[in-house]
Amino acid sequence: MPTPHSRTRNQQRRVEWAAIALTLLALVAWLSTPSMLPRTNHLVQDTGLRLVSRPAQADIAVIAVDDRSIGVIGRWPWRRALHAQLVQNVSRQAPRVIGMDVLFNEEDLDYPEDDLLLADAVARSGRVVLPVMQRQGPSEPGDGADRPTPALEQAAARLGHVHVAADEDGVVRSLYAREGPASAPWQHFSLAMRCVATPSLGGCPPARWSDPPADGARWERAGRRLIPYAGGPGHFTTYSYIDVLRGEVPADAFRGKYVLVGSIAAGLGDMFATPVGQESRLMPGVEVIAQVLDADLAGVQIHSAPPALNMAFNLLPVVLALVALLLLGPFAALLTSIALGALTLAMAVVLPVWSGMQFAPAAALIGLVLAYPLWSWRRLSAAAQFLRLQMETLQRQGLVIPLRGPAASSGDFLERRINAVEYASRQLRDMHHFVSESLQQLPSPTMVCDTEGRILLANTAARRHVLGMAEVEGDPMVWPLQGRQITDVLGDLIDIATEQPLVTQERLANGNLPARREGRDAKGRSVLVQSRQFTDLAQSGWLVTLVDLTEIRSALQQRDEAMHFISHDIRAPNASILTLLEMHQAYPGRMSDAELMQLIARYAKSSLGMAENFIQLASAESQAMRREPLDLADVLHQTVDEAWVLARDADVQVLVADAPETAPCMGDRSLLCRALANVVNNAIKYSPRGSTVRCTLAARPGHWAIAVRDEGPGIAPALQDKLFAPFQRLHDRSHPGIAGVGLGLALVRTVVQRHGGSIEVESDEGKGAEFRLVLPQGEAPPD
């Protein structure tokens, strides 16, 4: 049964757990506010939009100013007579409305008659909507908007603004239903098209207003709404501008449809990042308008959940996880937390489709991630404290009388285990004989010798440690330790502190062998020597145990390198962020909020990049390799293609100068791509502007050699041995502006060595550098 002390401890633990739970719930409630964790919430919400795409409305058609049309007609802008002809051709098919997402805010001075032709075609159609935009640059008298020319404005059925609202990450997820001067804002372009197509539609303002007062600074935006995207770029039926102009489209292509005319050509017109853009594809502005129009026609709407409801959505799974932690065992509680996290993600994805309400689940996910570690920490801390107290009691009082009854079963799962340990700790007397008989089976090398140093007993681990070979039955070399002097067997052990032998005949005779001392033997192994003298048995002597610390020392060295990285390199950008915040608080106004956020974002990205490089190196050293047939030529071309953006920004050309069509190899594609990308990216970073990085792939007997040559500063031969060591940067002084912590080439070496290959470097100061990755050949990959 639990003692009064144990009941007091249990009550104290419950109070502490309640305090932790309330603190965690308060944190989740605070993080549930709309302004918190926007990037994480957007990641989940955007994933939901991509997973629940819907077919495009058949009533929407897009006429695209595409690259083919520009190649046939000529450079943009085109003569407005062409637009007039397009409007006439489309109007002959009786569309519901024509939306021209082309801004005609200035008169055509070269061809003034073209303005008259376009205005006449728009007026004859009577169903054309034209765009307006907020004027950029210095404010001028008027309403602060770029509007169509007066003739076109009079001819148009309606005007509509084409602005969208980009979030802080640059992704367009919403727009404003009304924008413009405070006295008379315009509808969004898609709403204006619906008003023209359906005049009886409610909420449509008059088609035109008198000119508003000259209050250009008063630009109003109202009626923010989320865009329920139907799909990614190219989701709608699209016809080329030149085909429509030539009449090479079906006779009923636009009959009774909402027709949008706009640019999708590269470098022409607005292009936006959207949640449904796959592989960083941008969506033309005309397709964003089509997405909004499609949602209105399909009756699909999405709006953000009210703050109170969103908070309840985040708190509920965390409360359930806390209850599971209190009532269930560790494994069941862990599975429950994982299931609640998956359910929260699934609900956040499907609820916008079912209810039109969008939730922000990041706070709940953080709460679920923190709940189990906090619970485990508190329980383990309590268990460790209990065991420590029990062991101190046993050491002071010796073995105690066993409990007469079973351990109490009250309390939660961990409390029951602690009570069982309290009962089992009194049974140490029964374990004494078992420990004595198990000496021979100890995994650590253990030897027993007399006071003269003659070995009386050596277990199997000791023989393997000294002989460096596995035990073989019948081999006489297996048993040479017994009868030998321990000073001969361990004579090569040197104290790492004093550089003196650890085990000597003098120390044996004087009885002052060190209880615990670390040494190094002739094979370079780090060994902890633990010795204990016994005098109360039938024979006096020494019990010597060896612990091989070689792997631990290697791990500690790696830890020291990691700690140096964490304490110095990765702390530097975080310290800079704190300094910026302190300066901003101490001297407000000296730096704008935008500049402050930009600097903080730069330092945060630097810190994240350092951590990512460190994680990639650790992963390359430890993760299991997935060997499969692959094509090194394809890997090389893919890496060069992915480096295009970095090369463009650095004004460096990267090309594959020579490579066979195929280069079969066996290996882990992701690791090889990452290693080759590090080499190519280094070549780009250290190359002067306007230079060229050349990549080649050549066959050798049984191997492939991938070479990457740059025109950078080169590397002195004396420094090339340090190239592949972690945290080594050889160009800090010559290129201080290039960020990094010296882990990229360490990762390259690790990946190549794990594939059974090698790295070659050919370089000299001022003459560039060439890195060659030599990898074994393999079978051709399947098609």
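Guide: Two strands count as paired if DSSP finds at least two bridges between them. We will need that for the sheet. This is a predicted model, by the way.

Visitor: Good. Which strands form the open sheet, and in what order?

Guide: The order is β23-β25-β26-β28-β27, five strands with mixed pairing.

Visitor: Which strands stand at the edges?

Guide: β23 and β27 (758-763) do. Each has a single partner strand, so one side of each has no neighbour in the sheet.

Visitor: What does the twist average from one strand to the next?

Guide: It averages 20°.

Visitor: Which helices pack on it?

Guide: Helix α21, residues 632-642, packs on the sheet and touches β23, β25, β26 and β28. Its direction makes about 175° with that of β25. Helix α23, residues 669-685, also packs on the sheet, with contacts to β23, β25, β26 and β28. The angle between the directions of α23 and β26 is about 30°.

Visitor: Let's zoom in on β26. Is it mostly covered or mostly open?

Guide: Mostly covered. Strand β26 runs over residues 703-709, and five of its seven residues are buried.

Visitor: How many bridges join β25 to β26?

Guide: Seven, and the two strands run antiparallel. Strand β25 covers residues 692-700. One of the bridges has R694 facing R709 of β26. Another pairs L697 with I706 of β26.

Visitor: What sits between β25 and β26?

Guide: Two residues, in a hairpin. G702 in that turn has a positive phi of about 75°.

Visitor: And how does β26 pair with β28?

Guide: In the antiparallel sense, over seven bridges. β28 spans residues 769-776. There, H703 has P776 as its bridge partner.

Visitor: What is phi for A94 and for D651?

Guide: A94 has phi near 55°, positive although the residue is not glycine. D651 has phi near 60°, again positive in a residue other than glycine.

Visitor: Why flag those?

Guide: Most residues other than glycine have a negative phi, and most peptide bonds are trans.

Visitor: Where are A94 and D651 found?

Guide: A94 is in the loop between α4 and β2 (97-100). D651 is in the loop between α22 (644-650) and β23 (653-658).

Visitor: Are they buried, partly exposed or exposed?

Guide: A94 has 42% relative accessibility, so it is partly exposed. D651 has 40% and is therefore partly exposed too.

Visitor: Now α10. How does its span check out?

Guide: Helix α10 has 21 residues, 307-327. At 1.5 Å a residue it should span 30 Å, and its end C-alpha atoms are 31 Å apart, so the two values agree.

Visitor: Which α10 residues are buried?

Guide: N310, F313, N314, P317, V318, A321, L322, A324 and L325.

Visitor: Whole chain, then. How many helices and strands?

Guide: The chain has 24 helices and 28 strands. Of its 783 residues, 44% are buried. It exposes about 41,300 Å², and carbon and sulfur atoms supply 56% of that.

Visitor: What share of the contacts comes from residues 24 or more positions apart?

Guide: 71% of the contacts with a separation of 6 or more.

Visitor: What is the mean pLDDT?

Guide: 78 for the protein chain, with 76% of the residues at 70 or more. Over residues 209-215 the pLDDT is below 50, and that stretch has 14 contacts beyond near neighbours in sequence. Residues 399-409 also stay under 50, with 20 contacts beyond four places in sequence.

Visitor: How should I treat such stretches?

Guide: Where pLDDT is low, the predicted coordinates should not be read in detail.

Conventions:
Residues are numbered from 1 along each chain as its sequence is written. This is a predicted model: local features need pLDDT of at least 70, side-chain atom pairs count only at pLDDT 80 or more; totals for chains, interfaces and linings use all residues. Side-chain values use heavy atoms; hydrogens and water are left out. Helices (H or I, at least four residues) and strands (E, at least two) are DSSP runs, numbered from the N terminus. The expected span of a helix is 1.5 Å times one less than its number of residues. Buried means under 20% relative accessible area, exposed over 50%, partly exposed in between (1.4 Å probe, protein chains only). pLDDT is the predictor's confidence in each residue, from 0 to 100. Contact means heavy atoms within 4.5 Å. Accessible areas come from the Shrake-Rupley method with a 1.4 Å probe; for residues, only the protein chains shown count as cover. Axes are lines fitted to C-alpha atoms, for helices over the stretch in contact, and angles run from 0 to 180 degrees between N-to-C directions.
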